[in-house]
Amino acid sequence: MNFLSLFVLIPALMMMGLFLSNSRKQLLFFMTAGASLLMIFSTVLTYMYFTERAAGNAATMLFTADTVWYSAFNIHYSVGVDGISVAMLILTSIIVFTGVFASWKIDPLPKEFFLWFCLLSSGVYGFFISTDLFTMFMYYEIALIPMYLLIGIWGTGKKEYAAMKLTLMLMGGSALLLVGILGIYYASGATTMNILEIAKLHIPIEMQYYFFPLTFTGFGVLGAMFPFHTWSPDGHASAPTAVSMLHAGVLMKLGGYGCFRVAMYLMPQAAHELAWIFLILTGISVVYGAFSAIHQTDLKYINAYSSVSHCGLVLFAILMMNETSATGAILQMLSHGLTTALFFALIGMIYGRTHTRLITEMGGLMKVLPFLGVCFVIAGLGSLGLPSLSGFVAEMTIFVGSFQHTDLFHRVLTVLACSSIVITAVYILRMVGKFLLGKIQDPHHEHLTDATWFERISVVTLIFFMFALGSAPFWITNMIHESVLPVIGQLVK
Amino acid sequence: MELITNFLSGSVQIEAYLGLSLIMFFAGIYGFLSRKSLLMILISIELMLNAADINFVVFNRYLYPGHLEGFYFTLFTIAIAACETAVAIAIIINIYRNLNSVEVGNLDEMKE
Amino acid sequence: MDYSSFLQMNEEFSLLMVMLFLLIYDIFAGEKGSKYFQPIALVLFAAHTLLNCIPRDAFSIAGGMYQYVPMQTYVKTILNIGTFIVLLQAHKFLNEDANRIKRGEFYFLTLSTLLGMYFMISSGNFLMFFIGLETASIPMATLVAFDKYNRKSAEAGAKYILSAVFASSISLFGMSLIYGSTGTLYFSDLATLITASPLTIMAFVFFSVGLFFKISLVPFHLWTPDVYEGAQTNITSYLSVISKGAAVFVLFTLLTKVFGHLVTQWQPILYGLAVVSITVANVFAIRQQNLKRFLAFSSISQAGYILLAIISGTALGMTSLVYYVLVYMFSNLAAFGVISVIENQTKKVLMSDYNGLYQTNPRLSFVMMLALFSLAGIPPFAGFFSKFFVFSAAAQQGYYVLVFIALLNTIISLYYYLLVIKAMFLNKSENPIEVVKSDFPVKLSFVICTLGILLVGLFSTIYDQIGLLSFGM
Amino acid sequence: MAEQIIFYILAAIIAVFSILAVTSKRIIRSATYLLFVLLATAGLYLLLGYNYLFAVQVAVYAGGVMVLFIFAILLTNRPGADVKSELAVRRVVAGITALAGVAFCAHIIYYNVNKVMVTVAQSELTPQQIGHTMLGTDKYQYLMPFEAISILLLACIIGAIMIARKR
Amino acid sequence: MQYTLLILVLPLLSFIVLGLVDSKWSPKVAGTIGTLVLGIITALSYLTAWEYFSMHQVAGVYEKVIPYNIEWLRFTEFLHINLGILLDPISVMMLVVITTVSFMVNIYSLGYMVNEKGFERYYAFLSLFTFSMLGLVVATNIFQMYIFWELVGVSSYLLIGFYYTKPSAVAAAKKAFIVTRFADLGFLIGILVLSFYSKTFDFGILTSGNPSVFASTVGVSFMGVSVMSWALGLIFIGGAGKSAMFPLQIWLPDAMEGPTPVSALIHAATMVVAGVYLVARLFPLYIVYAPDVLHGIAYVGAFTSLFAAVIAVVQTDIKRVLAFSTISQIGFMMVGLGVSGNGGHEGLGYMASMFHLFTHAMFKALLFLGAGSVIHAVHSNEMNHMGGLRKYMPITNWTFLIACLAIAGIPPFSGFFSKDEILSACYEFSPYMGVTMTIIAGLTAFYMFRLYFNIFWGKEHKHEHTPHESGFAMALPLVFLATVTVFAGFIPFGHFVTSDRANYNIELDTVVASISVLVAACSIALATILYRKESAVPKKLATTFSGLHSAASHRFYIDEVYLFITKKIIFNNISKPLAWFDRHVIDASMNGMAGTTQWFSLKIKSFQSGQVQQYAYVFLLGTLAIALMVIFI
């Protein structure tokens with residue numbers, strides 16, 4: 001058993017523990033222990049990754065393991081990581097860890113909540129460590145379905161509608177995806193479902209024309225690509241804090257990761273030919289999401305549309321098909337994951353105090369909630385791309401990379417995408433200005449209490465990593481960059 | 001007259017048998033689709049089964065007389081038809097006990 | 001006359017023994033003995049199941065009237081397990097005062113339909129097949145009408161027998177035409193003699209609708225929801241799983257082995273039926289309030305998915321099909337089991353009755369949820385794997401569009417499965433269903449189903465075992 | 001010649017009474033017409049040389065099934081109840097469908113059925129022959145279905161009794 | 001010169017420490033730490049300047065010194081963001097300016113802000129700003145500059161919005177950030193275009209004059225304009241945003257909502273000249289590859305200058321007057337750059353512009369700090385609430401007067417020398433430009449003295465408390481800056497900063513000088529007549545030119561235009577319809593699919609009628625249909 005499998009096993013064991021536990025303290029113990037373990041583990045993994053690479057191991061995937069599972073379909077349980085996966089695993093660990101602290105006081109049914117939360121996280125981890133199309137898809141779906149209950153039971157507002165919509169739309173995406181995966185498998189004539197192996201084969205171009213759009217759109221739905229993004233505002237707005245964090249922070253990244261790892265990697269010719277369609281769609285996402293965010297009054301809606309915009313940028317960058325923009329895309333995933341998780345965490349905490357999320361009903365909260373307020377401003381600044389926070393590094397890498405494209409069309413699109421940074425500033429500052437700054441609107445808000453210790457842990461962890469990524473990107477960019485190369489090499493070929 | 005004798009000369013054409021069974025079969029279908037009483041529907045079903053039996057026998061006799069496949073099939077089918085009728089009538093009587101009627105139109109408590 | 005060859009029909013004989021023993025026991029056991037009737041029956045049946053689960057070499061007896069291939073053992077074992085679960089779930093129901101007197105009949109009739117299915121599966125001749133088909137369906141009608149003073153049950157019985165007989169007479173007419181055009185009723189001979197003339201095609205169509213009826217494909221499905229709703233829930237689950245499972249397997253073998261020459265004809269037929277079945281059933285299902293009706297439509301659409309395995313016509317398809325049936329059996333029986341437990345105690349079957357079920361009956365809700373997720377094809381439950389394999393089998397033959405349509409339909413199906421989950425977990429209720437008590441056999445059945453749902457997918461051994469035999473089909 | 005004439009007479013009886021059986025308003029008449037049809041069918045079997053089948057047909061149908069029918073009719077027919085006729089629309093639709101079905105099937109069968117008659121010596125089927133075939137286990141012998149159908153019959157009896165009895 | 005790193009690191013540390021500590025330490029400690037750090041880095045800057053200008057001259061040309069240059073983020077083989085320190089004459093000069101002013105402001109704030117809540121936060125932000133601004137000027141590559149450019153923008157945002165409970169401050173901060181952000185977009189795109197062709201961010205390579213760097217741009221044009229013009233024009237937009245050039249000047253007056261020392265530091269002396277610095281930094285590119293853009297810069301500068309001067313004449317808020325004056329003066333600097341040639345006497349404009357930047361920083365900081373002192377005393381920004389303060393606040397009065405004289409261009413104050421050089425360069429460029437700029441200089445003198453007289457002379461206004469001179473902490477910077485203002489003009493600036501980094505001896509163009517002094521003197525006289533004592537003339541003039549007056553006092557309605565564009569067009573006509581579209585078209589179409597399925601489900605329910613005969617009918621039809629289809633199709 002490969003040690004990467006621990007990433008899936010730990011959540012599974014956590015579930016077992018939770019299942020057997022019968023007091024709230026035990027629940028929290030299992031969760032924090034598990035989440036910390038995952039966190040430590042991802043750190044160790046990163047360290048090992050670096051040492052392995054430093055030792056000159058140039059394989060595409062490290063720590064690979066392969067066990068035959070369903071031989072009739074050549075389904076293997078095969079795992080392995082490259083720099084991209086490592087980055088994503090770190091992200092997931094951070095967010096699971098902080099998510100646990102953000103849902104410290106979840107009510108009702110805490111046990112069930114954490115059970116589903118664990119299932120969700122095991123799905124996400126599994127997705128990132130898989131190198132087999134089938135297991136990848138399986139984990140993808142494992143990660144989707146707990147969302148329904150998590151939103152439906154513990155959500156707020158129009159939760160049932162939102163949960164249903166989110167689940168169905170994402171399942172719709174996965175339906176497209178499954179056709180794509182089957183198409184890839186059979187059209188390539190592969191005798192394996194391992195991505196790396198299939199990449200060595202050639203899928204006939206006319207088949208690529210069918211399956212590339214399916215696969216890309218399938219993953220794109222999860223990446224909130226226009227016009228399949230509408231689950232995102234409703235879903236995120238209704239979800240409980242930790243779920244919003246995990247979903248916007250990590251789950252949406254599955255889309256970008258999948259687009260890159262599966263759609264682009266395995267069908268490079270079609271990617272080349274059809275990229276322009278998706279570039280336009282994702283370009284629209286970027287600008288459209290940002291513009292839509294301006295007009296929202298619900299904090300979560302603002303952030304959800306902002307996610308549409310930022311995740312659009314991920315897909316946009318991937319489609320630019322050069323190493324820099326692709327590196328940028330991965331960085332943007334990380335950055336957006338951290339930033340948006342922080343946002344949702346803070347929004348949840350603020351909502352827990354004010355019981356409203358409408359910026360029109362709040363004001364001057366900075367005065368009563370200085371800690372949360374400052375953190376919120378930091379999150380906002382991160383989101384709008386302040387240097388030294390993660391967003392800047394990611395966005396700049398994307399823009400510089402995309403602009404290196406030799407085709408004028410792509411450069412013009414890049415310029416349009418760049419314009420989102422202004423619009424982002426507009427809605428972020430509008431939001432901050434309306435509800436944090438100014439005078440206190442509601443007299444009830446005068447006596448709110450600032451963050452508790454567990455909330456602080458959650459928030460500070462996220463901010464720490466945002467700074468770490470934004471101030472010293474070199475430790476992770478090289479890792480990502482070298483892992484992007486095989487895919488880009490495939491595309492350039 | 002000569003026409004008639006010419007027509008009648010020789011053995012009966014297989015088409016005639018098959019046509020007859022077809023008429024019987026579709027008469028049964030017509031009955032099944034149009035009758036109101038459950039018993040009448042059952043009568044129609046007897047016609048349909050019987051039509052198939054005729055087919056078997058005729059095919060056996062006219063085309064494949066080497067073995068008795070059609071013959072036996074018909075034999076068993078008659079038994080099966082009897083079973084069906086018995087069970088169906090038991091159920092119809094049960095319906096009558098429940099609804100005090102054997103009209104098929106009354107069987108609509110469950111729909112949509 | 002060498003009758004000893006009959007002894008090779010292990011499964012049929014052992015089942016017949018069980019049936020006859022129970023019949024005699026039921027007749028002659030007194031008050032005291034009748035207490036042990038059900039335990040004995042269950043143990044005997046379990047023994048029968050265990051004894052007959054090892055595949056043997058293929059053989060053919062009675063001049064090809066009965067043909068055995070090892071795969072049949074698996075199918076029969078799956079049916080046995082399913083029947084066993086149904087019997088476990090019916091345990092409490094049959095102990096009720098009103099039903100005690102009829103339980104001997106219940107067992108005998110259930111097992112005789114099972115025997116009919118055995119004949120169907122192993123038949124090598126249309127006559128045997130027809131007898132098997134009728135044995136599987138005529139006593140079934142009496143089972144459907146089992147709760148005879150219940151108007152719905154009576155009505156369902158009438159609908160079932162009329163529809164079944166109508167279908168079988170059309171099928172019979174088709175068989176007669178097949179005989180007329182080929183001159184044989186033996187499967188092995190037919191496979192070579194049959195040619196794609198209009199007459200054979202028409203005969204084939206007439207014949208096959210009898211099976212389509214049993215599998216309840218659209219547009220031959222209309223009886224299904226009514227009968228499922230009206231029949232006693234345990235019988236409904238039997239009908240939806242065992243009867244259907246046997247029929248799909250038989251359809252597969254018939255199509256590939258007997259009508260192999262008509263492949264260009266039956267593939268488009270199945271294509272159309274799959275699309276129509278899945279879609280129409282799903283569209284109907286989303287509106288259903290009665291859970292039994294709801295599951296009826298769900299099972300119709302599941303049948304449509306199974307067609308994807310049949311249409312591929314390959315060994316892969318065969319394996320996927322048997323596997324699908326196995327998984328479908330666990331999932332559907334779990335769902336019906338929950339419904340029956342609740343219905344038997346509270347007479348509530350509407351979705352709105354299930355509001356807030358999780359508050360009062362967390363375990364039942366949990367089992368129900370697993371079952372529904374499995375039916376919807378959500379990993380890591382077995383249903384996901386079976387669906388994937390079925391789709392894969394179809395995609396391998398290039399039926400991408402069909403797979404695509406089927407997948408789009410999974411979204412609709414997920415929607416209505418989630419409606420039930422929503423009712424149980426999300427909705428609040430003023431007066432939720434009281435705490436439902438279930439006896440040991442029912443609990444055992446849930447354990448079996450849950451284990452099936454959880455483990456069958458994750459452990460590939462079962463699939464591999466089935467796959468080993470599928471190449472011989 | 002005689003065979004021809006007999007056939008056409010039987011055919012006429014079958015056709016006419018089939019249609020009458022499914023159109024007659026009164027159920028007891030329908031049952032009677034059905035009896036005629038079944039008897040005429042038995043006649044056809046005789047005409048085709050299957051005497052045994054003739055006997056079975058008469059015994060099972062006329063003797064068994066018809067009795068069941070009559071009992072059922074008498075049990076469920078309340079004297080004085082109005083005999084309502086079917087809706088015209090339904091009859092027309094059913095009629096058109098049936099006619100279309102006849103036309104379609106007739107077309108297919110007529111143009112595709114093998115019309116080359118195989119003439120073999122019209123030998124009488126002896127009871128020995130029938131018994132031998134019925135209880136044999138080789139190909140074209142029918143012991144197994146014979147046994148199988150016995151189970152079916154048993155099950156049907158039990159089932160029918162269970163449904164029909166009072167408790 | 002390794003110690004230069006400390007100049008960057010210390011304020012950053014100060015920011016982190018003060019930011020994390022928040023209000024756990026007493027305000028005094030925080031202020032002391034901040035000021036101490038600034039003192040140290042000011043000393044270090046002076047040391048750097050001394051060392052650099054004394055030692056690093058090779059053959060009469062100052063060489064560039066790069067003590068640090070670390071790769072921070074690699075994009076491609078050639079494109080990577082380095083963080084480093086580039087020392088050349090302009091950056092060293094900027095170091096001196098920034099640290100000096102910043103140090104003064106820090107000291108000043110000890111007195112000015114002492115009673116404010118959030119004192120630590122204030123010092124933290126100041127440190128952050130200083131760090132960012134220093135990072136900006138020592139940037140070794142254009143992307144580093146962009147990074148710090150953004151950081152500067154954020155610190156500005158934070159400081160403008162320091163009084164975050166005041167809605168107008170919040171709005172002003174937002175406006176400042178968004179407008180400059182918009183301009184930064186131009187900067188960013190400019191960088192992208194530039195780097196796309198040059199394959200480098202490094203200033204050293206970009207400005208090396210090696211034609212092979214831009215070989216790929218030859219003949220490449222987009223929409224009829226050469227790509228280099230595009231790139232440099234777009235980069236200038238960035239500069240224009242920060243330096244409040246027309247039409248992006250709107251944020252600066254509003255930015256006066258921030259604390260006054262902040263206005264002195266950021267919105268007068270340092271950050272707003274970042275645009276000038278940027279153009280100066282890329283001057284070799286402008287002059288070679290896009291002279292048309294350079295001329296455009298000159299015209300924009302001139303227009304902005306005039307425009308702002310006119311508005312300044314009628315403003316009554318003293319900080320606003322100073323703000324418009326800042327805009328106007330930056331316009332001067334831009335003009336100076338725009339009209340400049342390269343090297344030697346040709347490069348006079350460049351030199352003058354930098355000189356003016358230097359002197360302006362000093363006297364404008366002085367003006368703002370003086371204004372702060374006044375505001376501190378009377379608790380109001382309005383001229384009407386002031387008057388006759390010279391009796392109460394002698395130090396402020398005198399220092400303010402010195403600054404006014406300097407900005408008006410009266411010799412021997414520093415402003416005279418720098419402005420005179422710019423005017424000379426303008427006259428050399430084109431007489432019209434020269435005349436225009438001279439008129440603007442006159443206007444400058446007029447409005448500054450209007451301001452001066454209104455504050456310190458004129459009718460005394462009733463005050464609740466008697467105004468009093470500020471304390472030592474506030475007076476010290478005033479005096480220091482006044483001293484610098486008096487003597488800075490005599491610095492032989494041409495020996496330090498020139499376009500080709502070679503020595504250049506400034507020669508006073510006597511004709512130009514005398515004209516400008518004359519004009520200034522006349523304006524001052526006019527202002528004296530009008531405003532020294534209360535008189536009815538200004539009012540009369542205002543009514544005579546009511547149209548112009550009201551237009552000018554409404555800042556020529558530029559803000560309204562912006563408001564129209566943002567509120568009406570972007571918010572109401574783009575964002576709102578898009579949000580609507582998203583909910584009611586995109587989302588509705590997704591819901592519509594679900595709805596259609598439901599509707600369909602309802603429509604076909606009669607299909608399942610419960611009638612067994614209908615079932616059979618469908619069954620039969622199905623059978624026949626399948627048979628028909630398979631046989632005949």
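Start in chain D, in the loop between helix 5 (127–134) and helix 6 (143–164), where Tyr140(D) is found. This is a predicted model. Tyr140(D) is not a glycine, yet its phi is positive, at about 65°. Most residues other than glycine have a negative phi.

Lys199(E) is not a glycine either, and has a positive phi of about 60°. Look for Lys199(E) in the loop between helix 6 (167–198) and helix 7 (203–206) of chain E. Lys199(E) has 15 C-beta neighbours inside 10 Å, so it counts as partly exposed.

Now turn to chain C and its peptide bonds. Most peptide bonds are trans. The bond that joins Val218(C) and Pro219(C) is cis, with omega about 5°. Pro219(C) lies in the loop between helix 10 (198–215) and helix 11 of chain C. Further along, a cis peptide bond runs from Pro379(C) to Pro380(C), and its omega is near 5°. Where is Pro380(C) found? Pro380(C) is in the loop between helix 17 (362–376) and helix 18 (382–396) of chain C.

Stay in chain C and go to helix 1. This helix covers residues 10–28, which makes 19 residues. At 1.5 Å a residue they should span 27 Å, and the end C-alpha atoms are 27 Å apart, so the two values agree. Its buried residues are Glu11(C), Glu12(C), Leu15(C), Val18(C), Met19(C) and Leu22(C). The face turned away from the buried side carries exposed residues: Met17(C), Ile24(C), Ile27(C) and Phe28(C).

Chain C gives 33 residues and chain B gives 33 residues. On the chain C side, helix 7 (126–144), helix 8 (151–182) and helix 11 (223–230) each supply at least two residues. Which helix of chain C brings the largest share? Helix 8 does, with 18 residues. The chain C side that touches chain B divides into 17 nonpolar, 8 polar and 8 charged residues.

Key. Residues numbered from 1 in each chain as written. Chains lettered and ligands numbered in written order. Predicted model: local features only at pLDDT ≥ 70, side-chain atom pairs only at ≥ 80, totals over all residues. Contact = placed C-beta atoms within 7 Å. Helix = DSSP H or I, 4+ residues; strand = E, 2+ residues; numbered from the N terminus. Nonpolar A, V, L, I, M, F, W, Y, C, P; charged D, E, K, R; others polar. Buried ≥ 20, exposed ≤ 12 C-beta atoms within 10 Å, placed from the backbone. Expected span 1.5 Å × (residues − 1).
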